[in-house]
Amino acid sequence: MRAVPEGKSAELKFSGTISTKDTEWGEKYTFEITLYSHPSYESIPKEGIKTNWESKSQLAEQLFNATSPEAIEKNPALAKAIKNDMWVLARSEEGTYFIDNKLTG
């Protein structure tokens with residue numbers, strides 16, 4: 001997935017593996033997602049686009065940690081929401097990522 005432009009947002013669902021990967025820029029967190037809207041894509045079909053979100057952001061690290069076996073045991077409702085719900089991934093004007101559950105905001 002292309003980076004969300006500053007001041008914009010994208011809608012997605014987590015749809016598969018969450019892992020880390022080494023890149024020439026260091027370790028990145030990788031999330032298999034289905035993308036439903038994104039300001040840098042002209043046309044996205046109603047069923048979405050299967051793709052990966054790769055990021056070194058603090059948010060990506062927090063999401064990765066929230067899906068660890070220990071975290072899931074402590075908060076199974078969050079793990080279920082990450083797996084099943086639609087999410088709005090927003091990027092501030094300063095470039096910081098935020099995520100909100102579309103159902104609960």
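Visitor: Which residue is the bridge partner of W87 in β5?
Guide: N101 is the bridge partner of W87 in β5. Bear in mind that this is a predicted model.

Visitor: And what stands opposite V88?
Guide: D100, also in β5.

Visitor: How many bridges join β4 to β5, then?
Guide: Five, and the two strands run antiparallel; β4 covers residues 86-91. They form a hairpin with five residues between them. In the turn, G95 has a positive phi of about 100°.

Visitor: Which residues of β5 are on its covered face, and which on the uncovered one?
Guide: Y97, I99 and N101 are on the covered face. F98 and D100 are on the uncovered face.

Visitor: What's the strand order in the sheet?
Guide: The order is β3-β2-β1-β4-β5, in an open sheet with antiparallel pairing.

Visitor: Why is one side of β3 and of β5 left without a neighbour?
Guide: Because β3 (49-55) and β5 (97-101) stand at the edges, and each has a single partner strand. Neighbouring strands here are turned by 40° against each other on average, ignoring direction.

Visitor: What packs on the sheet?
Guide: Helix α1, residues 58-66, which touches β1, β2, β3, β4 and β5. The direction of α1 makes about 85° with that of β2.

Visitor: New topic. How many residues are in the largest nonpolar core?
Guide: 21. Those with the most contacts inside it are F14, F31, I33, W53, L63 and L89. The elements giving two or more residues to this core are β1, β2, α1, α3, β4 and β5.

Visitor: What is I33 in contact with, leaving aside neighbours within four places in sequence?
Guide: Its contacts include M1, L12, F14, I49 and W53.

Technical notes. Residues are numbered from 1 along each chain as its sequence is written. This is a predicted model: local features need pLDDT of at least 70, side-chain atom pairs count only at pLDDT 80 or more; totals for chains, interfaces and linings use all residues. Side-chain values use heavy atoms; hydrogens and water are left out. Two strands pair if DSSP finds at least two bridges between them. Helices (H or I, at least four residues) and strands (E, at least two) are DSSP runs, numbered from the N terminus. Axes are lines fitted to C-alpha atoms, for helices over the stretch in contact, and angles run from 0 to 180 degrees between N-to-C directions. Contact means heavy atoms within 4.5 Å. A nonpolar core is a set of buried Ala, Val, Leu, Ile, Met, Phe, Trp, Tyr and Cys residues joined through side-chain atoms within 4.5 Å. Buried means under 20% relative accessible area, exposed over 50%, partly exposed in between (1.4 Å probe, protein chains only).
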